[in-house]
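Here's a walk through a structure, written for someone who likes cut-offs spelled out. Have the coordinates open and follow along.

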Amino acid sequence: MSLSPVEGVALAEIESTGEGPEQKGLVGRSPGQLVWNRLRRDRTALVSGIVLVLLILAAVAAPLISRLYGTSPSQQFGDLLDATGMPLGYVGGVSGDHWFGLEPGLGRDIFIRMIYGIRTSLLIALGAAVVTTTIGVVLGIIAGYLGGVVDAVIGWFTDVALAMPFLVFALAVVPTFSLRFYGPRDAIPTWFAVTTLIVVFAAFGWTGTARLVRGQVVSLREREFVEAARASGAGLWHMLFRQLLPNIWAPILVAFSLAVPSYVTGEAALSFLGVGLPESVPSFGRMIYRSIDYLQTDPAYVFFPGITIFALVLAFNLFGDALRDALDPKSSR
Amino acid sequence: MRARTRTLTTGVLAAALVAAGCSPTTDSGGGGDEKTKTQTGSVSYEAADNQGPAKAVDGAARGGTLTVMQNSDFEHLDPARNYVNVQQVTGGLIYRALNGYKEDGTGKLLLVGDLATNPGKDVNKDCKVWEFTLREGVKYEDGSPVTSKDVAYGIARSFASNLNEGPHYIQQWLYPGGAYNAKYQGPYDGGKAVPDGVETPDDRTIRFTFPEAHCDLPYAAALPTSAPVPAAKDTRANYDLRPFSSGPYKVKSYQRDVALELERNPNWDPATDPIRNAYPDAIRVTFGLEQAQIAERLVADAAADQAALSWTDVPPAVLPRTTTAGVVERVVKGPTQYTWVLDINTQRVTDLNVRKALNYAVDKDAALKAIGGQAAGSPATTLMSPTTSGWKKYDVFNAPVTGDKTKVTELLGGKRPKLVLAHSNTELRTQQAEAIRKNLTDMGFDIVMKPIESSSYYDEVGRKDNPYDLYLSGWGSDWPTGSTIIPPVYDGREIVAEGNNNLSYLNEPSVSAEVDRIRNLPAAEQDAGWMALDEKIMREYAPVVPCYYDATYELHGSKVGNAFLSDAFGIISLNGIYVKK
């Protein structure tokens, strides 16, 4: 799998340098167009992109799918379970009404819970990735450009955040956080649980991007165009976001696309440990956690959610790789 | 006694994915082929029942090592602190109480004298003065004789405030009114050697004198607090780790959270013991195994695990694998004395119609299927379990097992009550709570789920001012009569600030008055009295929703013989068990 992007990119490079018969003439292309062309010719990017688009569409249209499918994610089909709570019929209760079968015990429909699970996972993962990237970019660019004391202080904060054990912190903070805002009799709304998770991810996830961006800026800040801008009296804001930022978009985009799948698995891990989302919210992590016990007795329960989260994470990772290749074809892998 | 909790399964099965999709799962038996049986429990004064040695088991042979695989270590083995069924069965191999249960696996449960020659003499026929005569020739592990003074000392030390985890029936009866140890705190720190009302006229006689009548004393004397403890061997809090043996086995080694090893006590004489056969040469209890792992190992029945059993229920995920030939005959299952109810906090839910509506609403089938269906229990309609003597089935509400929506709507009268459902945060209990939440939401309630850390679950809901409305709890009798179910769980006078057993906080003077009336009935009429009160409580106050009668579903290896479910403890009994050659 890991070879194909290289071949694809190499091919794209050759073609874009004008070897193709139809590209004899000089055609002006913006960097964006170049990236798009390279991406389009990369089959891995194409396939993973299509998978991503499909999954995102499914997530966005979850309520619509639920209506068409005729089942809600919390609906329980107890009458389709046997006396010990195992789904009746073949392969964990797969049928025309329940495409991926039913959960043992509660008898909820696996297909529609997965659709909603994708929604939850993507919402949290994209939210967390946007927040962490923003924090990371701002802090990294400031540290890299200003240097000196500011750089040192931001560096210390980065080190502290990196040194803190994420899981221990999450296990301690998430329950306390909800207790702080909601009494023992209040329902904790889903948006709050989701926000808490995003905040926890953001508190730890910004360090990587910050260091990456700082390194890039340090290598850029002595370049001529920066000197020139400084000499013509550009302010700090202009320097940071007009002069430096546009030159480091490529690594940021790549870091972002690689962060998303890591948050998908992160959310799964936290729900797995019981500090993620409440039971009523369909979540991949919880589904997989529960299903592992049924590996031998109801493999379908493990298979469908497992294969979907695998596809989601793999598609994001491959797309991220392909994007990096497209943005910066000369970088060594 | 409080039920052991069904624990969280975190075991990751290291087994390969098998093609289980080849055969369909079918619904056999329609969900109700578990027969409930009523205990024929009785106190036997027959000489034949009370005489040792215990009747030999057909085909049994002495020798071998029996392994018991457990999820977690025992909390306490000290007889004064021993109140959980798995500990009581294990403790019963190490020390002998005044009385004990004699069982043969046919459902016949007899209370007979264990240390005592019979289950206690009611001296004046008023249940106030009870006398026990100890058997001759009962010896400790060092060969010294067991005396009635040691029994009295054992009871005395159970009053000590740092040894307070055990049952306190005899203790409370000796000092009625107020906390059991308000007036006497045991023999330590200058306290009297024996509590008031306990006399030992000679080395083989012990006499209890109670201010009030207690016809249940023979049962209370079967609890481990009446086991003998020689004062010279008392190590106080450390006695937990090495109780001094008066039974067939003594502690060889006990490594906390790892294993307890028992070996034969050479000074135990089978002729003095009508209850225990003690066939295996050694018994090893191992701790720290995951529930799923235990079940998988017992299903696999590898050579090393063939002489093993577990008191841990088979988790739902492994259940389908226990129905195949070669495994199904190694399943020990059946009803236990525990009834699980959905407690309604009557301090908060004061509207009787809402409580009745809840009784019509709860889908007991869904609540059961979430934790293993008929392997986990059968739907309940009464407060006491079918194993209680004198139990009769009744159903005040006559709702279908999945609930009756029309009745609920009618009783709620257009309201939509907001209720907080607290649950233990283990995986199974969370699933079960979700089943109940969904079902009650569909029935017209607004339910908020609140997970509580499993280790402090009963502490949290046992606080009188807890902020929750609904929570599940299980209670099992300490002996098979209603007197250890209705009074501790439904008598409002027992409510204290913390550590309550009356979790619905039902405080009705009419129930309390009825409890007093039944307690003073002749012993023969009490069973019917408790059953009538059980129905009266449900009919008039509906303080709980009876959910299911707990069932046990345990496995043993292929070389374990005579493994049957003890009706007294609800787990596999070890007294007559043997290791096949």
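## Chain A at a glance

In chain A, 73% of the contacts between residues at least 6 apart in sequence join residues at least 24 apart, where contact means heavy atoms within 4.5 Å. Some ground rules: this is a predicted model, with pLDDT of at least 70 needed for local features and 80 or more for side-chain atom pairs, while totals for chains, interfaces and linings use all residues. Residues are numbered from 1 along each chain as its sequence is written, chains are lettered from A and ligands numbered from 1 in the order in which they are written, and side-chain values use heavy atoms, with hydrogens and water left out.

Chain A has 13 helices and 0 strands; helices (H or I, at least four residues) and strands (E, at least two) are DSSP runs, numbered from the N terminus. Along the principal axes, the C-alpha atoms of chain A fill a box of roughly 80 × 60 × 30 Å. Of the 333 residues in chain A, 48% are buried, and buried means under 20% relative accessible area, with exposed over 50% and partly exposed in between (1.4 Å probe, protein chains only).

With a relative accessible area of 5%, A:Thr71 is buried. Not counting residues up to four places away in sequence, A:Thr71 touches A:Ser66, A:Phe77, A:Asp109 and A:Ile112.

## Enclosed helices in chain B

Over to chain B. Helix α3 (residues 148-157) has 9 of its 10 residues buried, so it is largely enclosed by the rest of the structure. The buried residues of α3(B) include B:Val151, B:Tyr153 and B:Ile155. Their cover includes α4 (169-174), β7 (198-199) and β8 (205-209) of chain B.

Helix α6 (residues 291-300) of chain B is also largely enclosed by the rest of the structure, because 7 of its 10 residues are buried. Among them are B:Ile294, B:Leu298 and B:Val299. Here the cover includes β2 (65-69), β12 (308-310) and β18 (544-555) of chain B. After α6(B) comes B:Asp301, with a positive phi near 55°.

## Cores and a helix pair

In soluble globular proteins, nonpolar side chains tend to be buried together. A nonpolar core here is a set of buried Ala, Val, Leu, Ile, Met, Phe, Trp, Tyr and Cys residues joined through side-chain atoms within 4.5 Å. The largest such core has 79 residues, and B:Phe208 and B:Trp311 touch the most other members. α3(B) gives the most to this core, with 5 residues. Leaving aside neighbours within four places in sequence, B:Phe208 is in contact with residues including B:Leu98, B:Trp130, B:Phe132, B:Ile155 and B:Leu217. A second, separate core of 71 residues includes B:Val362, B:Phe397, B:Met443 and B:Met531.

Then there's the pairing of α13 (residues 509-519) and α14 (residues 523-540) of chain B, which pack at an angle of about 170° with their axes 9 Å apart. That makes α13(B) and α14(B) roughly antiparallel to each other, a label for angles over 145 degrees. Residues making the contact include B:Val511, B:Val515 and B:Ile518 of α13(B), and B:Trp530, B:Leu533 and B:Ile537 of α14(B). By class, this contact of α13(B) with α14(B) has 6 nonpolar, 3 polar and 3 charged residues; Ala, Val, Leu, Ile, Met, Phe, Trp, Tyr, Cys and Pro count as nonpolar, Asp, Glu, Lys and Arg as charged, and the others, Gly among them, as polar.

| Residue | Phi | Relative accessible area |
|---|---|---|
| B:Asp189 | near 50° | 75%, exposed |
| B:Ala542 | near 40° | 0%, buried |

B:Asp189 is in the loop between α4 and β7 of chain B, and B:Ala542 is in the loop between α14 and β18 of chain B. Lastly, the peptide bond from B:Gly52 to B:Pro53 is cis, with omega near -5°. B:Pro53 lies in the loop between α1 (47-50) and β2 of chain B.

Key:
Axes are lines fitted to C-alpha atoms, for helices over the stretch in contact, and angles run from 0 to 180 degrees between N-to-C directions. Angles under 35 degrees count as roughly parallel, over 145 as roughly antiparallel, 65 to 115 as roughly perpendicular and the rest as oblique.
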